[in-house]
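I opened my notebook on this chain today and jotted down what I looked up, entry by entry. Have the viewer ready and follow along.

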Amino acid sequence: MLFEPLLIIELAALGLCAGFLAGLLGIGGGMVMVPFVTIILTNRGVAPELTVKMAIATSMATIVFTSISSVRAHHQRGAVRWDLVKKLAPGIVLGSLLGSMGVFALLKGSSLAIVFAVFVGFSATQMFLDKKPSPGREVPGTVGLLGAGSVIGFVSGLVGAGGGFISVPFMAWVNVPIHNAIATSAALGFPIALANASGYVLSGFHLAQLPPYSLGYIWLPALLVIASCSVLTAPLGAKAAHKLPVKRLKRLFACILYLLAAYMLFKGLTTS
């Protein structure tokens, strides 16, 4: 399974697409990786109760590398709100560890898929309608950002995404410009991914039925190939993000989230 040519091609193509989307939308690429890694694992005979969980964990692990490449490109354009990153990061780490080491291990893969679908569908609707935030609404203080970070980290730990589908709408809601929100979300992807990946390794380390080349719930062949390819295209996505109109960018973000939500809902309802 490790050196199968078709597998390498599939994972490489996925990595190139995921990297571009990570830079373009600040979402870490998890929205693409989770469904496709689920399909790849299913086609290779991995137990149904493990496919979604391993896809989520592997997706998150690749974001550790993708986020570095993406945030460098955004930082060079001065778009990252590092003041927000510093205040959101502590809550993100706490929420991530709670999600990846606790609730994630207890829930079935089908339940995780449904949770993913419902939340992402809601976020997509908010973005597609392009509701204007109240002009007087401001970024909350330290305590508020700590709480927001905890929610972002926790939900990201359950669904294996870099948190952009939560953090981008949240920052837009408090009147952070969309390009700054996307860039800042890319920066937040690193603490989210690192904390959650650690939790997935620890919570799945004891399982005997995992396929070969697994580290906890993380599938190492996919991590190696996807991460190697995604870092190549993340800067291209970040460059494109600064050229697209705000409204088109929001609607593109929403449409992709709708597709993800539909697939994961189907997976959750049909997986025993």
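**Entry 1: a lysine in a helix**

I started with K53, which I found in helix α3. A reminder to myself before going on: this is a predicted model. Is K53 buried or exposed? Its relative accessibility came out at 6%, so K53 counts as buried, the cut-off being under 20%. Next I listed what K53 touches, leaving out residues up to four places away in sequence. The list holds F104, A105, L106, L107, K108, G109, L112 and Y217.

**Entry 2: the whole chain**

I stepped back to get my bearings. I counted ten helices and two strands in the chain. Read along the sequence, the pattern is α-α-α-α-α-α-α-α-β-β-α-α. The chain has 272 residues, and 56% of them are buried. I also looked at contacts with a sequence separation of 6 or more: residues 24 or more positions apart account for 82% of these.

**Entry 3: α3 against α8**

Back to the helix that holds K53. I noted for myself that two packed helices are described by the angle between their axes and the distance between the axes. For α3 (residues 48-76) and α8 (residues 178-204), the axes come within 7 Å and cross at roughly 150 degrees. An angle over 145 degrees counts as roughly antiparallel, and therefore α3 and α8 are roughly antiparallel to each other. Their crossing is left-handed.

Which residues make the contact? On the α3 side I wrote down I56, A57, M60, A61, I63, V64, S67, I68, S70, V71 and H74. On the α8 side I have I182, A183, A186, A187, G189, F190, I192, A193, L194, N196, A197 and Y200. Sorted by class, the contact of α3 with α8 has 18 nonpolar residues, five polar and no charged.

**Entry 4: α4 against α8**

The axes of α4 and α8 come within 8 Å, with a crossing of roughly 25 degrees. That makes α4 roughly parallel to α8, because the angle is under 35 degrees. This crossing is right-handed. The class count for α4 with α8 is 18 nonpolar, six polar and no charged residues.

**Entry 5: α4 against α6**

One more pair with α4. Here the axes of α4 (residues 82-106) and α6 come within 6 Å and cross at roughly 35 degrees. I logged the crossing of α4 and α6 as right-handed. From α4, the contact takes in L84, K87, L88, P90, G91, I92, G95, S96, L98, G99, V103 and F104. From α6, the residues are T142, L145, L146, A148, G149, S150, I152, G153, F154, G157 and L158. By class, I get 13 nonpolar, nine polar and one charged for α4 with α6.

While on α6 I checked its length. The 18 residues of α6 (residues 142-159) should span 26 Å at 1.5 Å a residue, and the end C-alpha atoms are 26 Å apart, so the two agree. Which residues of α6 are buried? I noted L145, A148, G149, I152, G153, V155, S156, G157, L158 and V159.

**Entry 6: a valine in a loop**

I moved on to V46, in the loop between α2 (30-43) and α3. With a relative accessibility of 10%, V46 counts as buried. What does V46 touch, residues up to four places away in sequence aside? I found L41, T51, M54 and P211. V46 and P211 are 165 residues apart in sequence, and their C-alpha atoms are 6.8 Å apart in space.

**Entry 7: two positive phi values**

Most residues other than glycine have a negative phi, and most peptide bonds are trans. Phi of N175 is near 70 degrees, a positive value in a residue other than glycine. N175 sits in the loop between α7 (164-173) and α8, and its relative accessible area of 32% makes N175 partly exposed.

Phi of Y213 is positive too, near 65 degrees. I located Y213 in the loop between α8 and β1 (214-215). At 45% relative accessibility, Y213 counts as partly exposed.

Definitions and conventions:
Residues numbered from 1 in each chain as written. Predicted model: local features only at pLDDT ≥ 70, side-chain atom pairs only at ≥ 80, totals over all residues. Heavy atoms only, no water. Axes fitted to C-alpha atoms, helices over the stretch in contact; angles between N-to-C directions. Helix = DSSP H or I, 4+ residues; strand = E, 2+ residues; numbered from the N terminus. Parallel < 35°, antiparallel > 145°, perpendicular 65-115°, else oblique. Left-handed = near helix turned anticlockwise from the far one by under 90°. Contact = heavy atoms within 4.5 Å. Nonpolar A, V, L, I, M, F, W, Y, C, P; charged D, E, K, R; others polar. Buried < 20%, exposed > 50% of the residue type's maximum accessible area, 1.4 Å probe, protein only. Expected span 1.5 Å × (residues − 1).
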